[in-house]
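Subject: Structure handover

Hi,

Here is the structure for you to look through. Please open it first, then read the notes below.

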Amino acid sequence: MLIEERLKELKDKINGIVPKGITVSQVEFEGPELVIYTDDPKAFAEQADLIKVLARDLRKRIVVRTNNLKDPETAVSEIKSVVTENAGITDIFFDADTGEVLIEAEKPGVVIGKNGATLREITKHIGWTPKVVRTPPIESSTIKQVRQYLRSVKDERKTFLRAIGRRIHRDIISKDQWARVTMLGCCREVGRAAFLLSTPESKVLIDCGEKPGSNNGTPYLYVSEIYPLTQLDAVVLTHAHLDHCAYIPLLYKYGFEGPVYCTPPTRDLSAMLQLDYLEVVRKENEKIPYTSNEVKTYVRHSIPLNYGNVTDIAPDIKLTFHNAGHILGSAVAHFHIGDGLYNVAFTGDFNYSKSRLFSPATTQFPRLEALFIESTYGGSNDVQPARREAEERLYQVIKTVIGRGGKVVIPAFAVGRSQEVMLALEEGIRLGKIPKTPIYLDGMIREATAIHTTYPEYLNNELRNQIFREGMNPFLAECFVQVDSPDFREKVISGDPCVVITTSGMLNGGPVMEYLKGCAPDAKNALVFVGYQAEGTFGRRIQKGWRELPIGGREMIRIELEIVTIDGFSGHSDRRELMNYVGHVQPRPEKIFTIHGDENKTIDLASSLYKRYHIETHSPLNLETYRMI
Ligand SMILES: [Zn+2]
């Protein structure tokens, strides 16, 4: 069926569902959404459940727009008369092409109202479809740039979304029914995550990351299964860490034109980390794989999805993201293939214990036949101490080092570990468990923190309530001091005892290298590892006991400072949690693939899961393809 005929059929169906008197003038696909144009936005808005009924009956995500739009000036005053002042509206932007009005507010909940009542009231008055975003409580240049950029390319984006919408809803041609997964990286190793899910109709790439500690460690992107990249329907990104997203912009350089699905915080964090990654590579005098232009292209092609939204991404594939508990916006990606044919989920990196920031990863799926599970801590000895114990140990180390007049340098991923450590230290100081000392933040940490406070709905309940109900934002505590210039950094390095949290987390570049150079010769100082150190990184070498290291090519530094590793801060599930997670996953999968772990760990986890649960398990190799059905 031609797409025009399908749209006409949908329009007739919609006219059959909506009450008499409401006219539907046009329907159009835009990305995964079905847009309904009506001349009666008021009537639509008055029927609170109508959109829900349409979404259920048509099994589509529905957006309603109108051609009867009030002029923006009148609309602004009407919005302000409907929304109470305590919403703290900071910006209102009208997009005449989509009929949407973007309202940026300090308290989006007030603009939305109970069950969306205030939003419907706005639509009734002005015709424009309101969309609400939160004003970042800590200013974030990334969020500002992403929002401004998306506004500036709205025409291109609309054309893109329409083309993608038509592509998603094309006819299913093949009579065959199969699904398979090809491993393009991240098997029996940590890093360069990339998996190709293919069916007779569609191809979807899950993640496309770098391998930390290796030069240009790309996934196997040149194999015939994935070429040409124009045939790829979509990329699905589980979370913003570079070992999952660093090479997504590269795909656009080599001809990919499709969308990247991810959660809204993942879009912002990944763009920030990709730009930072280019900076780090440039400083190391290595060849940069792509430029900031390709990062922009990626942002322009991203389609943000919140947890729980079932979304068509190809004619025979539906995607739903679920909380993964690993970092802000991290998701377990669940794929429903065919009409009930097969279901496969990729955990991405996940944490099955509650952390200071996030709830544990989801275990409930509507259906599930195959599970791809990360195995970073999958070895039988990889049992991590409880978070509380880890925090107490960190407090002890800080007390000792500060007491002897030293500095504590904590290398941490800008996203995830840094915020967990910040919250632990803020509480430590508040409760008098560690001395009142400045905690310097260097690198992208403050920016990443600002993005965290922009998306509190992705944080766990306690932290969200603390920030928004009690007005106590621990990230804003006065102990945290941003290092914003090389001069200031020099002063910190030569100054009084303090704590520094800085990037990169595995000492493969970034400001941490300056702190290491400055602090390494003095045995009073300490370098404290709180995160995973991949094979081949400086971090791993130091952990292994290397005491002389070449930094920046030639210069050798002698390591005299104390080296401490504190386990238990990880954003990953440890061995016990990985085993428990599988026991709690509902429904129970038929097959499990252990990935994203060193060789012995993926094999160990696969055999232990088989022994305990009698589920078929595999520890695949890179470049292998498994038939799911
Ligand atoms: Zn990760």
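Helix α1 (residues 3-17) and helix α3 (residues 50-58) have axes that come within 11 Å and cross at roughly 135°. That angle makes α1 oblique to α3. Oblique is what remains once angles under 35 degrees (roughly parallel), over 145 (roughly antiparallel) and 65 to 115 (roughly perpendicular) are taken out. Axes here are lines fitted to C-alpha atoms over the stretch in contact, with angles from 0 to 180 degrees between N-to-C directions. Helices are DSSP runs (H or I, at least four residues), numbered from the N terminus.

From α1, the contact (heavy atoms within 4.5 Å) uses Leu-10, Lys-13, Ile-14 and Ile-17. From α3 come Val-53, Leu-54, Asp-57 and Leu-58.

The model is predicted: local features need pLDDT of at least 70 and side-chain atom pairs pLDDT 80 or more, while totals for chains, interfaces and linings use all residues. Residues are numbered from 1 along each chain as its sequence is written, and side-chain values use heavy atoms, without hydrogens or water.

Cys-187 is in none; its nearest cysteine sulfur, in Cys-186, is 6.5 Å away.

Cys-245 is buried, with a relative accessible area of 0%.

Best wishes

Key. Helix = DSSP H or I, 4+ residues; strand = E, 2+ residues; numbered from the N terminus. Disulfide = S-S within 2.5 Å. Buried < 20%, exposed > 50% of the residue type's maximum accessible area, 1.4 Å probe, protein only.
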